[in-house]
Amino acid sequence: MPELPEVETIRRQLFKEVVGKRIKSVEIKLPKLTYFNGKKSDVKNFSKNLNGARVTKANRAAKILIITLSNDYTLLIHLKLTGQLIYRAKNGNLKRGGHPWPSAVVEVPNKWTHAIIHFTDGSKLYFNDLRQFGYLKLIETKKIGEQKELKKLGPEPLDKNFTPEKFSEMLKKRAKAKIKPLLLDQNFLSGVGNIYADESLFYAKILPTRPAGKLKPEEIKKLHQGIKTILQKSIAQGGTSSDTYVTLTGQKGGYEKYLKVYGREKEKCQRCGDIIKRIKLGARSAHFCPKCQY
Ligand SMILES: [Zn+2]
């Protein structure tokens, strides 16, 4: 599943390629993945209100891409588990981001292509989704504040308002929660997924099972620093390569080689030499060093 750095990488690439372009037409092959003002499968209005609009901005909130249009509408795109965005320039060059399947050797469009946005300059944006959990939602821009999935999101970890003091207050309110599942809770903090939660806790030398309310001030400071540092470093590398993610240029994300605990079960800890453990915690797995995280 693409996490925050991966979606941010796609946003930056989308922003570069798509912003300023005018939509000529839209082809919807799987209506159930589209919504118009909250109504599922309303392909007629979905298409009608995209046609002729110019893309003015590409933003992101957590893992949701927010594409602002010139006609008072906004398109929300969520890749969920297996979504993929592929941009085809007018010269035929492809750039892809999201899930690695179908891979770059499979021609687009293909049977997993559920929507195609055609731009007036001849370029195209394809939305593929193997498991069909992703979505394209067109909503009136003025109603974006009422959008449920955006409203309930916790603070954005890369926002300047997310300070160590703010983080400390947030943790106090959820004192009994175990820190790792809490970091994954999108209502608590938005966009931090399994990989970056494990890596941030390793950075701060905190066990994933510690209750949030028991963290010492210096640990909170270190964890806050870890979250920001690791996310920023990963964005600079184009995200992390996992089996469900490639960048828009089709390259595997470059952050994988920096991972210290995630996916390194039974390997030696690079900090102390002990063996990295993997446990079940809540619905997810947690990777950590049992010796230098406490
Ligand atoms: Zn260690």
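User: Let's start with E27. What is its relative accessible area, and how should I read that value?

Analyst: Happy to start there. E27 has a relative accessible area of 32%, so it counts as partly exposed; buried would need a value under 20%, and exposed one over 50%. Please keep in mind that this is a predicted model.

User: Which residue forms a salt bridge with E27?

Analyst: The general idea is that side chains of opposite charge can pair when their charged atoms come close. Here the partner of E27 is K29, and the closest N and O atoms of the pair are 3.4 Å apart. K29 is also partly exposed, because its relative accessibility is 45%. In total, the structure holds 15 salt bridges.

User: Why are R11 and E8 separated by about one helical turn?

Analyst: An α-helix has 3.6 residues a turn, so residues three or four places apart point the same way. R11 and E8 are 3 residues apart in helix α1, and therefore about one helical turn separates them. R12 and E8 are 4 residues apart in that helix, which again means a separation of about one turn.

User: Are these residues buried or exposed?

Analyst: R11 and E8 are both buried; for E8 the relative accessible area is 6%. R12 has a value of 45%, so it is partly exposed.

User: Now the metal. Which atoms coordinate the zinc ion?

Analyst: Look for the SG atoms of C269, C272, C289 and C292, which coordinate the zinc ion at 2.3 to 2.4 Å. Along the chain, these donors follow the spacing C-x2-C-x16-C-x2-C. C289 and C292 are both buried.

User: Why is the arrangement called tetrahedral?

Analyst: Four donors count as tetrahedral if all angles lie between 85 and 135 degrees. Around this zinc ion the 4 donor atoms subtend angles of 99 to 118°, so the arrangement is tetrahedral.

User: Which residues of helix α2 are buried, and what covers them?

Analyst: In α2, which spans residues 43–50, F46, S47, N49 and L50 are buried. Their cover includes strands β1 (23–28), β2 (34–36), β5 (64–69), β6 (73–78) and β11 (135–140). After α2 comes G52, with a positive phi near 85°.

User: Let me follow β5. What does I64 touch in the model?

Analyst: I64 sits in strand β5 and counts as buried because its relative accessibility is 3%. Leaving out residues up to four places away in sequence, its contacts are N59, L76, I77, H78, Y135, E149 and L150. To compare sequence with space, take K222: it is 158 residues from I64 along the sequence, and their C-alpha atoms are 27 Å apart.

Terms used:
Residues numbered from 1 in each chain as written. Predicted model: local features only at pLDDT ≥ 70, side-chain atom pairs only at ≥ 80, totals over all residues. Heavy atoms only, no water. Buried < 20%, exposed > 50% of the residue type's maximum accessible area, 1.4 Å probe, protein only. Helix = DSSP H or I, 4+ residues; strand = E, 2+ residues; numbered from the N terminus. Contact = heavy atoms within 4.5 Å. Donors = N, O, S within 2.8 Å, 3.2 Å for Na, K, Ca; no water. Tetrahedral: all angles 85-135°; square planar, octahedral: opposite > 155°, others 65-115°. Salt bridge = Lys/Arg side-chain N within 4 Å of Asp/Glu carboxyl O.
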